[in-house]
Amino acid sequence: MDHEILLKKLEYYGIRGITNDWFKSYLTDRKQFTSINGFKSKYNTMKYGVPQGSVLGPLLFLIYINDLHKAMHFSVVHHFADDTNLLVSNYSIKKIQKQVNLDLKALCRWLRANKISLNASKTEMLIFRHPNKKFDFNLKIKLGGKKIIPSLYVKYLGIYIDCHLNWKYQVNELSTKLSRAIGMLAKIRHYVCHQTLTMIYHGIFSSLLLYGSQIWGQLNQPVLTLSRIQNKALRIINFESTRSSTNILYHECKIMKLEDNIQLSNFLFAHDNFTKNIPSVLRNNLHLVDEYHSIGTRIIDFKFFTVPVVRTSVFGLNSIKYKSIAFWNHLNKLFYMCKLFDKKRNFCKGFIKDYFIEGYI
């Protein structure tokens, strides 16, 4: 990052005068060196970038790239740290090709103006489409003179996203990691107590299993495949045979099944919408029934969300929005006297967890 450009952007956002001078002092005349086995290199003045490992570093970088979306004409820009995604949607693949190329040219101009380099070889492209729809169009997408070939899947924030959104690659990769974790559990179970073994299960197995599960776990097939692996892990840490029932094991260990963890995440997503404890871009997706009419019916007392009309199963019935609303409405009706919608998030989380675990026997 160029310091002069950063300071001008800070001034544009209102950080002017003495405060801007403070940032200038913070960034300039810094020196760095490399030390290997006690041997130190010469000091070198930092002319670009921000101090690594600092609290302000990530914030200053986000400010630096915050105006990138203004250079785009057709794409929706999504940032996460130093990862940037451009999303273009259209019914015509030819129009997508034209729009993407125009935006990539605009992106290159923005990068040059801001003195940022881009590694085109690490840039990936994914075309989301229906699995039954043939795709034989030869896309010609170029970034900085380098042609970008569409991928079948990409890894983003630790999750493998495929072009059909069936999560096949995510399940395959996760199954391999979980199998390795089971192997470690099988070896270590002979040397530690059951309480310690359960803690290790949560540390090396459950943490992998549940990461991003609300995203890829709305479809039945991924959940069925990974639930079998979870059942195997429960048998391993309890020294049970491969054919033993697992319900009692989940109950005794106070561990929730994968599908129930996903249901809990769906409920908490709806709860965060209800309490408005969620980013506004997601908050507008769910609407209470009483937002559409003011008639004093009993259904308003339940604090139900309006069930959306859907036309497909994969992107309709199995969407996070639909399933979150369905489970929120179900539990608020089932436990109407508890008034879960009035309770804190942590209380609801513990209450629903106990509800699931008690149901395993």
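**Entry 1: helix H1**

I began with helix H1, residues 3–12, and found that His 3, Ile 5, Leu 6, Leu 7, Lys 9 and Leu 10 are buried there. I keep in mind throughout that this is a predicted model. Looking for what lies over these buried residues of H1, I noted that the cover includes helix H2 (17–27), helix H3 (56–64) and helix H4 (93–113).

I then checked both ends of the helix. After H1 comes Gly 14, for which I read a positive phi, near 105°.

**Entry 2: H1 against H2**

Next I looked up how H1 sits against H2, and found an angle of about 160° between them, with their axes 10 Å apart. Angles over 145 degrees count as roughly antiparallel, and H1 and H2 are therefore roughly antiparallel to each other. The crossing of the pair H1 and H2 is right-handed. From H1 the contact draws on His 3, Leu 6, Leu 7, Leu 10 and Glu 11, while H2 supplies Asn 20, Phe 23, Lys 24 and Leu 27. Sorting the residues of this contact between H1 and H2 by class, I get five nonpolar, two polar and two charged.

A reminder to myself on spacing: an α-helix has 3.6 residues a turn, so residues three or four places apart point the same way.

**Entry 3: H6 against H8**

On the H6 side I listed His 194, Leu 197, Tyr 201, Phe 205 and Leu 209, which meet Leu 226, Ile 229, Gln 230, Ala 233, Leu 234 and Ile 237 of H8. By class, the contact of H6 with H8 contains nine nonpolar and two polar residues, and no charged ones.

**Entry 4: Tyr 250**

I looked up Tyr 250, which lies in helix H9, residues 247–253. Its relative accessible area is 0%, so Tyr 250 is buried. Setting aside neighbours within four places in sequence, I found Tyr 250 in contact with Ser 227, Gln 230, Asn 231, Leu 234, Ile 255, Met 256, Lys 257, Ile 357 and Tyr 360. With one of these, Asn 231, the side chain of Tyr 250 makes a polar contact to the side chain at 2.7 Å. I also checked Pro 308, 58 residues away along the chain, and its C-alpha atom is separated from that of Tyr 250 by 34 Å.

**Entry 5: Asp 272**

Asp 272 lies in helix H10, residues 258–274. Its relative accessibility is 10%, and because buried means under 20%, Asp 272 counts as buried. Its side chain is joined to that of Arg 345 by a polar contact of 3.0 Å. Apart from neighbours within four places in sequence, Asp 272 is in contact with Asn 277, Ile 278 and Arg 345.

**Entry 6: the whole chain**

Finally I noted the totals for the protein chain, which has 15 helices and 12 strands. Its C-alpha trace spans about 65 × 65 × 55 Å along the principal axes, and of its 361 residues 39% count as buried. Among contacts with a separation of 6 or more, 59% are between residues 24 or more positions apart.

How values were computed: Residues are numbered from 1 along each chain as its sequence is written. This is a predicted model: local features need pLDDT of at least 70, side-chain atom pairs count only at pLDDT 80 or more; totals for chains, interfaces and linings use all residues. Side-chain values use heavy atoms; hydrogens and water are left out. Helices (H or I, at least four residues) and strands (E, at least two) are DSSP runs, numbered from the N terminus. Buried means under 20% relative accessible area, exposed over 50%, partly exposed in between (1.4 Å probe, protein chains only). Contact means heavy atoms within 4.5 Å. A polar contact is a pair of N or O atoms within 3.5 Å; within protein, one must be able to donate a hydrogen and the other to accept it, and residues adjacent in sequence count only if both atoms are side-chain atoms. Axes are lines fitted to C-alpha atoms, for helices over the stretch in contact, and angles run from 0 to 180 degrees between N-to-C directions. Angles under 35 degrees count as roughly parallel, over 145 as roughly antiparallel, 65 to 115 as roughly perpendicular and the rest as oblique. A crossing is left-handed if the near helix is turned anticlockwise from the far one by less than a right angle, and right-handed if clockwise. Ala, Val, Leu, Ile, Met, Phe, Trp, Tyr, Cys and Pro count as nonpolar, Asp, Glu, Lys and Arg as charged, and the others, Gly among them, as polar.
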